Amino acid sequence: MAASQAVFADTGIKARLMVGMEVHVELSTRSKMFTSAPNVAHPDYYEAGPNTLCDPVVLGMPGVLPVINKRAVEMSMLVGLALGCEIAKQTKWDRKSYYYPDLPKNYQISQYDQPLCHDGQVDIPMDGEGTKTIRIIRAHLEEDAGKLMHEGPGGVKIDHSIVDLNRAGTPLLEIVTEPDFDSAQQAVTFGQTLRNICRSLGVSEGIMQKGHMRFEPNINVIIEKDGQTYKTPIVEIKNLNSFKALHGAIEYEYQRQIEDWLETGRVMKSGAKSTRGWDDVKMVTVLQREKEEAHDYRYFPDPDLVPVVVDDAWIERVRAELPELPLVREKRYTEQLGLNVKDARALIDEPKVCKFFEEVLSAGVEPKRAAAMLLNYGAKRANERGCAIHELGVTPGQIKEIAELAAADKIGSSAADELFGHCCDPRNQGQTAEALAEKHGLLQVSDTGALEGYVKEVLANPKNAKIVGDIQDGKDKAIGALLGQVMKLSKGQANPKLVGDMIKQQVRGS
Amino acid sequence: MTQPPSPKSTQLTEAQVRHVAKLSRLTVTDDQVQRFAKQLTDVLEHVATLNKLDVGAIEPMAHALDMTNVLRDDEPQPGLAVEAVLANAPGRSDPFFKVPKVLDDGSGA
């Protein structure tokens, strides 16, 4: 925020940003929230054609009845528990009425005054060190709307709008925080923390481009001038679907609201909140044209749905499903396993890769070694193939073998890398790493007889006379040049440590 | 929020009828506004009979049925064929529904 303070330095004001977040998370159940039509947020249905995931309930046909998806309720409880929330003993369903083409039945089923989860808190990592606690007001379950588009497929200009109802009825968890953020970066970190939590819980794939998570920050600025405090009017930015947009929109609003206050002196009025959209190209927020009565949602209890009562036994069953959460895991990986933060996060950010890493550990590989192998040998191949590290085909057992061969000096580091590659080759499935190392000539020659021959040959070469002299004078660095030549003669298979010792011994006689 | 005040709790004003019509995206003529104001007032008056009930001894309830936890397992069933989905649509641009050009973003989800 240093930049923005500088801009307003000559105005004699002190400004503090205040942001609360509303986050929508699409849950990846197999079927929709209130009916058995397939859920587009589940990986099995990502590629479904437009309007193929609809049934009479989704279409809002007369006479249909919604039935609650039990798993969606449990996934929401999982998120609630991970965010330290209370789970409501009783929760009910309300209709939020509004007429819009993406909402066939003209109301959205939501939870108005009895959200499933409430009063939680979650720690987010801070830039420097330590964490900050963010208070969670509530997390309630509702259904997503369909998708309204103003361009035809492929960006074709059309004189009407078109609707795809595949997304209509997808379970949607709305998480609302207290205004606990005082920088754009904190809001982004919260979004990332929440994404990591949801992915580790397996309740969302968290693919931002698919709209699995959408952010609506509520932003205003507390301004101090001449001992007086002023609060700028609260602005809600709708539907941000990337961390970049979230960051940009908050930063922009911070500047804009201070400028607006300096110009007009407008301050917050209770209950008044304006809505703005984010223009990703121009990087500005834009006031959304709205009629005030558009927010007259006329909530009332949905007569089609009876309340859900949650007893302690149910909560405990769901709690038993909770995995180790990302921040806790990161602490364990860095403090107990000795990984650096970067490696720990790289593994934890991909829950399936992290599970594979745990399997490699269970196979008996030393943690730092295991992490290094996956994130070096593994990551580059996964990148080339466009798959994830755990999908490469190499098994935890093979990784253990490679680690052991390396530890026993039977293979060098470049050979270990190559061997890892052979283990990933589908044609080599089921073979041991050692057999593959042998087959591809990767095992180091530690047979002193063979090595001695190479060393003698190199030492006898007149071109090396000066180097040999340097070594005799105690310059260990000079050994490297000869070592390289021996490695070349052995076609890279000599054990470098052994060769080094041998050179020293032969030249210095000790 | 901006609902105009009503003189009597069951008496609907013409402004209220216009407001509700607007929320429902309905176009109403002046004649209709007058007619509906009277009709809807009658409906409200009729329903207001319920206010005579003494409910002082009854706990507030979210639903008239004494049932809870009607839940289903998360088992997907195939969606309808696109042809069936679009069959009743007033406008279609296959495989999409076709609607008038929407300018403002009034989505509430």
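Contact, as used in these legends, means heavy atoms within 4.5 Å. The views are taken from a predicted model.

**View 1. The interface between chain A and chain B.** The contact draws on 68 residues of chain A and 45 residues of chain B. About 4,900 Å² is buried between the two chains, and carbon and sulfur atoms give 57% of this area. The elements of chain A that each give two or more residues to the side touching chain B are strand S2 (68-69), helix H2 (70-82), strand S9 (147-152), strand S10 (156-164) and strand S18 (308-309). S10(A) gives the most, with 7 residues. Sorted by class, this side of chain A holds 33 nonpolar, 15 polar and 20 charged residues.

**View 2. Pairing of S10(A) with strand S3 of chain B.** S10(A) pairs with S3(B) (residues 96-99) in the antiparallel sense, over 3 bridges. Within S3(B), B:Phe97 is the bridge partner of A:Val163. S3(B) is also joined by 2 bridges to strand S2 of chain B (residues 92-93), and these two strands run antiparallel. Here B:Phe97 in S3(B) stands opposite B:Arg92. S2(B) and S3(B) form a hairpin, with 2 residues between them.

**View 3. Pairing of S2(A) with strand S1 of chain B.** Strand S1 of chain B (residues 71-72) and S2(A) pair in the parallel sense, over 2 bridges. A:Asn69 stands opposite B:Arg72 in S1(B).

View 4. A:Pro38 lies in the loop between strand S1 (14-26) and S2 of chain A. The residue counts as buried because its relative accessible area is 4%, and the cut-off for burial is under 20%. Beyond its neighbours within four places in sequence, A:Pro38 is in contact with residues of chain A, namely A:Arg30, A:Ser31, A:Lys32, A:Tyr45 and A:Leu53, and with B:Pro76, B:Gln77, B:Pro78 and B:Gly79 of chain B. From A:Pro38 to A:Thr52 the separation is 14 residues in sequence and 8.9 Å in space, C-alpha to C-alpha.

**View 5. The open sheet S6-S5-S17 of chain A.** Three strands of chain A, in the order S6-S5-S17, form an open sheet with antiparallel pairing. The edge strands are S6 and S17, each of which pairs on one side only. S5(A) is joined to S6(A) (residues 107-110) by 4 bridges, the two strands running antiparallel. With S17(A) (residues 300-301), S5(A) pairs in the antiparallel sense over 2 bridges.

**View 6. Residues of the strand S5(A).** S5(A) spans residues 94-97; A:Asp94 and A:Lys96 point one way from this strand, A:Arg95 and A:Ser97 point the other way, and all are buried. Toward S6(A), A:Arg95 has A:Ile109 as its bridge partner, and A:Lys96 stands opposite A:Gln108. Toward S17(A), the bridge partner of A:Asp94 is A:Pro301.

Note on methods: Residues are numbered from 1 along each chain as its sequence is written. Chains are lettered from A and ligands numbered from 1 in the order in which they are written. This is a predicted model: local features need pLDDT of at least 70, side-chain atom pairs count only at pLDDT 80 or more; totals for chains, interfaces and linings use all residues. Side-chain values use heavy atoms; hydrogens and water are left out. Buried means under 20% relative accessible area, exposed over 50%, partly exposed in between (1.4 Å probe, protein chains only). Two strands pair if DSSP finds at least two bridges between them. Buried area is the accessible area (1.4 Å probe) that two parts lose on being put together, summed over both. Ala, Val, Leu, Ile, Met, Phe, Trp, Tyr, Cys and Pro count as nonpolar, Asp, Glu, Lys and Arg as charged, and the others, Gly among them, as polar.
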